[in-house]
Amino acid sequence: QVQLVESGGGLVQAGGSLRLSCGASGRTLNGMGWFRQAPGKEREFVAAIAWITESTFYADSVKGRFTISRDRAKSTVYLQMNSLKPEDTAVYYCAARSTGNPSAVPAYDYWGQGTQVTVSS
């Protein structure tokens, strides 16, 4: 079993920054990712990182603005979000996977409870 706990969401003005954190406990998996879901929309991929190689993957909509990183000692993954836009408003979820496509929702076995990010215009 893996437990994931997100933190760091909040309200920010357009152009601002936030950093999300996701603490993981339990067995180590191969990769972790961030997804988001806005009201009335499907959950979508944001970013992912391979736990050992630190290879990173990003959705086109966040490339150049968001950065995913991890701290192995703390078993924590971060999502640094800069130049935020109102369309980034969503509940952000941290997830962990053993294998599979890092950008695909079904590849992830464990999910956190989500943290709200609201960007005002």
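At 33% relative accessibility, G9 counts as partly exposed, a class that lies between buried (under 20% relative accessible area) and exposed (over 50%), as computed with a 1.4 Å probe on protein chains only. The model is a predicted one, in which local features need pLDDT of at least 70 and side-chain atom pairs count only at pLDDT 80 or more, whereas totals for chains, interfaces and linings use all residues. Residues are numbered from 1 along each chain as its sequence is written, and side-chain values use heavy atoms, with hydrogens and water left out.

G9 is placed in the loop between β1 and β2 (10–13). Strands in this description are DSSP runs of E with at least two residues, and helices are runs of H or I with at least four residues; both are numbered from the N terminus. Apart from neighbours within four places in sequence, G9 is in contact with L20, T115, Q116 and V117, where contact means heavy atoms within 4.5 Å. The C-alpha atoms of G9 and T118 are separated by 8.0 Å, although these two residues stand 109 residues apart along the chain.

An open sheet is formed by four strands in the order β1-β3-β8-β7, and the pairing is antiparallel. Two strands are taken to pair if DSSP finds at least two bridges between them. The edge strands of this sheet are β1 (2–7) and β7 (66–71), each of which pairs on one side only. From one strand to the next, the twist averages 15°; for such angles, axes are lines fitted to C-alpha atoms (for helices, over the stretch in contact), and values run from 0 to 180 degrees between N-to-C directions. Within the sheet, β3 pairs with strand β8 (residues 76–81) in the antiparallel sense over six bridges. L20 stands opposite L79 in β8.

Strand β8 also holds T76, which is buried at 11% relative accessibility. A polar atom of the T76 side chain lies 2.9 Å from the backbone oxygen of K74. A polar contact is a pair of N or O atoms within 3.5 Å; within protein, one atom must be able to donate a hydrogen and the other to accept it, and residues adjacent in sequence count only if both atoms are side-chain atoms. When neighbours within four places in sequence are left aside, the contacts of T76 are S21, C22, G23, W51, S69, R70 and D71.

One of these contacts, C22, takes part in a disulfide with C94, with an S to S distance of 2.0 Å. A disulfide is a covalent bond between the sulfur atoms of two cysteines; the criterion applied here is a pair of cysteine sulfur atoms within 2.5 Å. A search of the whole structure finds one disulfide. The link of C22 and C94 is left-handed, with -75° about the S-S bond. Because C22 lies in strand β3 (residues 18–26) and C94 in strand β9 (residues 90–97), the pair ties together parts that are 72 residues apart in sequence. C22 is buried, at a relative accessible area of 0%, and C94 also counts as buried, at 0% relative accessibility.

Five salt bridges are found in a search of the whole structure; a salt bridge is a side-chain nitrogen of Lys or Arg within 4 Å of a carboxyl oxygen of Asp or Glu. One of them joins the side chains of E54 and R70 at 3.5 Å, N to O. E54 lies in the loop between β5 (44–50) and β6 (56–58) and R70 in strand β7, so this pair ties together parts that are 16 residues apart in sequence. E54 is partly exposed, with a relative accessible area of 41%, whereas R70 is buried at 14% relative accessibility.

The side chains of R36 and E44 meet in another salt bridge (2.6 Å, N to O). R36 counts as buried at 5% relative accessibility, while E44 is partly exposed at 36%. A further salt bridge is formed by R65 and D88, whose closest N and O atoms are 2.8 Å apart. R65 lies in the loop between β6 and β7 and D88 in the loop between β8 and β9; the pair therefore ties together parts that are 23 residues apart in sequence. R65 is buried, with a relative accessible area of 11%, and D88 is buried at 0% relative accessibility. Salt bridges that share partners join R36, E44, R65 and D88 into one network.
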